[in-house]
Amino acid sequence: MTTYVPDIEKAPEAGSRKEPSYLDVTKGFWSWAGTLDHKRIGLMYLVGVTAAFLCGGILALLIRLHLWTPDGAIFENAVYNQVFTLHGVFMVFIFIIPAIPASLGNFVLPLMLGAPDVALPRLNLASFYLWLTGTIMAIYSILSGAVDTGWTFYTPYSLQTQQAVVSMGLAVFTLGFSSIFTGLNFIVTIHKMRARGQTWFKLPLFCWAIYATSVLQVLATPVLGITVLLLAFEHLYHIGIFDPAHGGDPVLFQHFFWFYSHPAVYIMILPAMGVISEVVTVHSRKPLFGYKLLAFSSISIAVISFLVWGHHMFTSGESEFVMLAFSFLTMLVAIPTAIKEFSWVATIWGGSVALTAPMLYAIAFLIIFAIGGLTGVFLGTLSVDIHLHDTYFVVAHFHAVMMGSTALAFFAGVHHWWPKMFGRMYNETLAKISAILILVGFNVTFLPQFAMGSQGMPRRYATYIPEWQIYHQWSTVGAVILGIGFALMLGYLIHSLFAGRKAAANEWGGVTMDWESPTPPNLYNFDEEPVVTGELYDYGHGAKH
Amino acid sequence: MGHSTIVTPTPQGGFQTHTVAHHFKTAEQEFQSAKLAFWLFLATEVMLFGGLFAAYIYYHDVYPETFQKGGALLDWKLGALNTGLLLTSSWTMAMGVRASQLSQRKQLVWWLVATVVCAAGFMVVKYIEYSTKYHHGIFAFTGLFSPDDHYAPDLQGLAYPQLYFNLYFTMTGIHGLHVLIGMIAIAWLIWRGAQGRFHSGWYTPVELVGLYWHVVDLIWIFLFPLLYLVP
């Protein structure tokens, strides 16, 4: 095995294609706004979620700057509550849930299956417009008085606050349906649209990850839907279901909320794991170690994720037996998760590793995901959780798996498939610098948060005691480094669209079907209908089929 | 890679042809995809109502007496009548699906009309039940729960009686909304079916609305005993 060198000289010329690329085939606003092409819908999602990430990121920077001094440097306490709520809603519901499936998944999944499109293209477009509607409703909620409950909307506070909980709840309801439509579409696509000869065990692991994610989206999201609907009814009509003043039980709200929102964190991380599998194998030029285990670990994570929601509520009032059961089941998640981490490392081991920009993002993912995963085991341990509950330790753990892992995997995927999407390459040197800035910035931001969380710094507080100032200041410095890294990334990615060199037909030497389409792909993806005959991830002879 | 245009076989008798969408290789692939997607959608419906059922079971456990006496105030005869109406409509719907598969245009239309009539009957009975409760002051969605003399003695001394009725109105209300949506969908089927859009070569929408209708029926089969009989 030797390092793959893309044949840049043979970069496809515009005239040499059999058909125009999906970017050139039609022009104009409506050719995008009304498109049924999975690739264009994926790109619209990509622009949308990146904008949401930018908004959420600016809010995060404001939060960090506010916490520079113990009394809070910028906001009134009430405004601070609104700012962190908006940060949470933007990042969780608008950015990270659709981020990988709806943008990268939409673009790559049909390519990997050798299909001309997803099974239900109209539903795909409807999903995008539901996402847009939900986002506009969320922004309306912000303008019409903001929400200060945190992204979890716990009752009874969410019933007492006079703010826009109803419209924010309906925004989340709408975003939920968008997510259901995406998941439903992908399940059908994987079942019914695979190329001839592509059996289940010849599916690239990204497809397995998307499949597991989609099952969660379809089965868990409706429960969130009914929960926020009941919350809105409670707010408007005082039906009493969650309000103790009318006989309701606020803990029931927490059960309902986490029955969705725990699987939801796997809706976020599972596709990230899929991206990492693809990036690691391609840039190490080695078949994935333990393919079947990686595939089944995605499925088992999805199954177990339905059975662990109670670990968010160890201090809310559960029986000891229930707490023990939830704690045990939470520990079980560590097994398939560790299988994945070890498999990726074993894939890199002995491979012909190219330290490209996507690979650097993937390695950063492996490092931070190890931290996030292990601290998850701490929090699943009952006695430790009682101490750490609602502290910055939880904040840091959550951000390690969500921001440091899912968002980094998203960006690894964006860098990995960028040449396929646009036929252009970004400046790799700058990309590597930004990957390193983000890895360093992340750890400078969140390692101090682990430390002060273990000492008892509560989350969501606008002020703190002076002893913790040094930790907060380091954390803010880290957030600024992160901000610089992301700003740099945005800059060179946009620059590459106009001035980047033409990408090679197969920029990284990938061997799954997504790399067999023309670059960028045709409107219906392939010149000829692909048929799968060879082994999956076969780098030995340079080509698979 | 674009597939060549596929037109499904169209029977004699003024039926409209169906062209398979561009990204499918066969009509069978298109049909199976639509059907799988619809089953998944029905799974989301089951999960959505599952949340409501879970809430009902929990509060039934917390306030057993409230649920017992509250349930006794519902009219089980009207509930039984509605159950009969929905079960009948499920049968007429199934006959409609069969008629579309056999390209029997007239029979399809009449079976579907019968289904809508049953559904409308269900909604009328529901209206009678709701308005009775409203006039007696226990239509609690207004936020004012003030039972009049007719009901007040029965609800005397109960813990949070409005919780039972709010659950009743929420669950049957969301179910009723599903019945209404189903009626609109079936009306559309009647309109297109009369034009000869559905036949042995393509009857996907009839099949899917049929599945939807059976699930709406099935949810009522659970709602009826839980709300009217079990308490």
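In chain B, in which helix is confidence lowest, and in which is confidence highest? Confidence is lowest in helix 5 (residues 152-155) of chain B, with a mean of 82, and highest in helix 3 (residues 76-101) of chain B, at 97. The score in question is pLDDT, the predictor's confidence in each residue on a scale from 0 to 100. Helices (H or I, at least four residues) and strands (E, at least two) are DSSP runs, numbered from the N terminus. The structure is a predicted model, in which local features need pLDDT of at least 70 and side-chain atom pairs count only at pLDDT 80 or more, while totals for chains, interfaces and linings use all residues. Residues are numbered from 1 along each chain as its sequence is written, and chains are lettered from A and ligands numbered from 1 in the order in which they are written.

Chain B has a mean pLDDT of 92, with 96% of its residues at 70 or more. For chain A the mean is 93, and 97% of its residues reach 70 or more. Over residues 541-545 of chain A the pLDDT is below 50, and this stretch has seven contacts in the model beyond near neighbours in sequence. Two residues are in contact if their C-beta atoms, placed from the backbone, lie within 7 Å. Where pLDDT is low, the predicted coordinates should not be read in detail. For the complex, the predictor gives an ipTM of 0.93 and a pTM of 0.94.

The contact between the chains takes 36 residues from chain A and 28 residues from chain B. On the side of chain B that touches chain A, the elements giving two or more residues are helix 1 (27-62) and helix 6 (161-194) of chain B. Helix 1 of chain B gives the most to this side, with 15 residues. By class, the residues on the side of chain B that touches chain A comprise 17 nonpolar, 11 polar and no charged. In this division Ala, Val, Leu, Ile, Met, Phe, Trp, Tyr, Cys and Pro count as nonpolar, Asp, Glu, Lys and Arg as charged, and the others, Gly among them, as polar.

Two helix pairs of chain A were examined. The axes of helix 2 (residues 38-66) and helix 15 (residues 469-499) of chain A come within 9 Å and cross at roughly 155°. Axes are lines fitted to C-alpha atoms, for helices over the stretch in contact, and angles run from 0 to 180 degrees between N-to-C directions. Helix 2 and helix 15 of chain A are therefore roughly antiparallel to each other; angles under 35 degrees count as roughly parallel, over 145 as roughly antiparallel, 65 to 115 as roughly perpendicular and the rest as oblique. In this pair, Gly57(A), Ala60(A), Leu61(A), Arg64(A) and Leu65(A) of helix 2 meet Ser475(A), Thr476(A), Ala479(A), Gly483(A) and Phe486(A) of helix 15. The contact of helix 2 with helix 15 of chain A has five nonpolar, four polar and one charged residues.

Helix 10 (residues 320-348) and helix 11 (residues 357-380) of chain A have axes that come within 9 Å and cross at roughly 165°. These helices, helix 10 and helix 11 of chain A, are therefore roughly antiparallel to each other. The residues of helix 10 that meet helix 11 include Ser327(A), Thr330(A) and Trp344(A), and their counterparts in helix 11 include Leu366(A), Phe369(A) and Gly373(A). By class, the contact of helix 10 with helix 11 of chain A has eight nonpolar, five polar and one charged residues.

Phe326(A) also lies in helix 10 of chain A. Phe326(A) is buried, with 22 other C-beta atoms within 10 Å; a residue is buried if 20 or more other C-beta atoms lie within 10 Å of its own, exposed if 12 or fewer, and partly exposed in between, with C-beta atoms placed from the backbone. Residues up to four places away in sequence aside, Phe326(A) touches Val308(A), Gly310(A) and His311(A).

A cis peptide bond joins Thr155(A) and Pro156(A), with omega about 0°, and Pro156(A) lies in the loop between helix 4 (121-143) and helix 5 (157-160) of chain A. Another cis peptide bond joins Thr519(A) and Pro520(A), with omega about -15°; Pro520(A) is found in the segment after helix 15 of chain A. His238(A), a residue other than glycine, has a positive phi near 50°. His238(A) is found in the loop between helix 7 (205-237) and helix 8 (250-284) of chain A and is buried, with 21 other C-beta atoms within 10 Å.
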